[in-house]
Each structure stands twice: as C-alpha cells, then as structure tokens.
Amino acid sequence: MDIAKRFQQNPLLSPADLKPGIEGMEITCLLNPGVFRMNGKTWLLLRVAERPRQIEGKISFPVYNKEGKIEIVNFDINDPLLDATDPRVIKYKGENYLTTLSYLRLVYSKDDIHFHENPSYPPFFGEGALESFGIEDCRVATMDDGYYLTYTEVSPVAVGVGLIITNDFKKLERKGMIFPPHNKDCALFEEKINNRYYALHRPSSPELGGNYIWIAESPDRLHWGNHRCIAVTRENAWDSARVGAGGPPIKTAEGWLEIYHGANAHHRYCLGALLLDLDDPSKVLARSEEPIMEPTADYEQTGFFGNVVFTNGHYVVGDTIRIFYGASDEVICGAEFSVREIINSLQ
Ligand code: MAN
C-alpha cells in the first residue's frame, strides 16, 4: 500500500528552474538528491544531468577527456551499430556510454518547498579517470566528525562508490573509490555500532546472484570488510530485478529502518522498507511485502525515464520522515512517511 504523503507543491524542482552548470549544455534531468540539515535549513545535494542541445539525426553527449576537459561525442541515430533504446545508456560497437553527464549541486530551503542556490557553494564535478562519465546519486551521512558523502563514480571502466568528506561543503576531501565495481547505492550508518562503522552497498553479480543489498563493516569508513548479503530480489514481486539502499538507516526503538528502492523487469522503481537489528544490523527483522510508495502521480509516471520513484535522502523529526526523491528521472519531489506506519506495515 502506498503510504507516502506527497507534497501538494510537487514537483518542487524541474530542469528549467536551474541554469546549466556546464557551458553549452542544457539540463536534461534533476535526480535523486542527498539530504542534510545545516544552519537551520534543509539542503539537497542534487544530481544534475546535462547534455548538449540535441541536433536532429544525431545523439550527442558530453564526457571528460584525459585532460579533464569536457568533450562532445556524437553518433548518427541511424547508425546500425548504435543501440539507443534506453534513454539513459547507449551502446555503440559494444561499448556503453551515458547519454548525459551528471554532477552534484547544492540547493537550500527554509520551508522545504522553495529551493534556492547560494553561489558561495560551487557544484561538485567528477574528477579523474574513474569519474569521466560523471558522478551520481549522492547519499549524505551526517556524522559526529563531519558529513560523509557516498556517491556513484561512473567511467568507461567501472561503476563504483566514491567517498568525499567535508565539514562545510566548500572544502572537500576526496577519498577515492571505497567500494569497487560494480557497486552503487551506498548508505552509511550515521553512528558506530559496537565500535564499528557500517554501510549498506549494492554490488552486482550478473552471472551468479544479482543486484542485492549487502552490509559491510569498517574501522575508519575507508577500509571495508566482513561483507554479507542481507536482501535479495524476489521473483514475480515489485522488487524482482534490483534492490538498493536509499538514504542513511534511521535509528528507531525497534531497529534500524532503511527505505530502499526495488525495480522489476520493466524498470518500474518503487520504495519499500527493511528493519535491521539495532545491535547487529546484518540481521533483517522485517521487510515490506508490498511497496510503501509506487509511481502513481503523473510526474512519477512520465518524464525522462517514467515509472520511477527513487530516494537517497531524508531527514527525521520525531515520527516524521521527510524524504526528497527523484520522479521519472527528471524532477525533484517531497513526501512524508510516519516511522510508526512504516514499521506497522512490515511483515
Ligand atoms: C543506470 C542508471 C543511470 C545511470 C547509470 C550509471 O543505467 O541508473 O541513471 O546513469 O546506471 O550509474
């Protein structure tokens, strides 16, 4: 059952609301923001996806070259060697390319409805060979000693998880790849459990296994071990093809509550929840049988890539979880859940 209370003002942000961040490009999509509170305001670390204005008969997209400069790649739409059936990823001569280049950009709000930019917070762009196709879907963990940002690093050789540490979102400490390929959807627990750090992550094992949620431990958040698989896809269910963690797990009296995304073979993305043991979060106490949120609103069903609700950020006040989410891979929306209601809905 869909128990999300969507904001009436949705969508809160659309591509036309911001100016492109890369010269000569246009914003194609706003997606999947990380969320945190700072100085009494709500901040979203948006994933902004850009590409050049498309010319008829061609498909053009930006990549970083070896010198770290943006270069435009063009393919002829009628080229028999091109497979452009997925608007997000195209194949040419056996190589994959992303149709847009993503980077991260901050907006803030005092009322969670109207978002603004502050020019003293510059955008974060991909850097180096492992981010030459961009950076995406950043989770923000608010920890005692700073903000820990886990995000997807994309390049022709890999999709993996990178870490950035910051105290002010101006000076960034880039730590490189902490979960090697193929991996994404990494959500850090915001406090230690029995003196260890924990993370949820999503390796993909296409030959044997699948796209499942795993948990790992670390003494320092850089080196991870003791990996265990905690949630697999379920045949014929809404989460039959892939599952992945959302934002940081939420501590409740009953356990760690994690809102995750699940997709089926038709790439329909819904949200569900997992309840993990407080003392040993590798133990799953309960899981949603049915989604707690499904793409039902117009803006969730049609867009750059329709039938998608995807969250990787929220903040919690009392019983209320306020999530910000990407709808149809194109616009940013808000919704609320009650912690109690989610826990009551779990099997
Ligand atoms: C998938 C989708 C895209 C994303 C790529 C690379 O194809 O999630 O949105 O750009 O993976 O991470």
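Is L98 buried or exposed? The points below take up this residue within the predicted model, then turn to the whole chain and to two further sites.

1. L98 belongs to strand β8, which spans residues 95-98. Its relative accessible area is 16%; because the cut-off for a buried residue is under 20%, L98 counts as buried.

2. The surroundings of L98 come from several parts of the sequence. With neighbours within four places in sequence left aside, L98 is in contact with F61, R88, V89, F133, E136 and V154.

3. As to overall architecture, the protein contains 25 strands and 2 helices. Its radius of gyration is 19 Å, close to the 20 Å that the globule rule gives for 347 residues, so the protein is as compact as a globular protein of that length. Along the principal axes, the C-alpha atoms fill a box of roughly 55 × 45 × 40 Å.

4. Burial and surface may be read together. Of the 347 residues, 57% count as buried. The protein exposes about 15100 Å², and carbon and sulfur atoms supply 48% of that area.

5. On the contact pattern, the contacts considered are those between residues at least 6 apart in sequence; 51% of these join residues at least 24 apart.

6. Strand β2 pairs with strand β3 (residues 41-52) in the antiparallel sense, over 11 bridges. Within this pairing, G34 stands opposite L45 in β3. The hairpin formed by β2 and β3 has 2 residues between the strands, and N39 there takes a positive phi near 50°.

7. Where does S328 lie? The residue is in the loop between β24 (320-327) and β25 (331-338). Despite this loop position, S328 has 0% relative accessibility and counts as buried. Apart from neighbours within four places in sequence, the residues in contact with S328 are Y299, E300, Q301, T302, G303, F304, F305, G306, N307 and V308.

Terms used:
Residues numbered from 1 in each chain as written. Predicted model: local features only at pLDDT ≥ 70, side-chain atom pairs only at ≥ 80, totals over all residues. Heavy atoms only, no water. Helix = DSSP H or I, 4+ residues; strand = E, 2+ residues; numbered from the N terminus. Rg over C-alpha atoms; globule rule 2.2 N^0.38 Å. Buried < 20%, exposed > 50% of the residue type's maximum accessible area, 1.4 Å probe, protein only. Contact = heavy atoms within 4.5 Å. Areas by Shrake-Rupley, 256 points an atom, 1.4 Å probe, with all protein chains shown as cover. Pairing = 2+ DSSP bridges.
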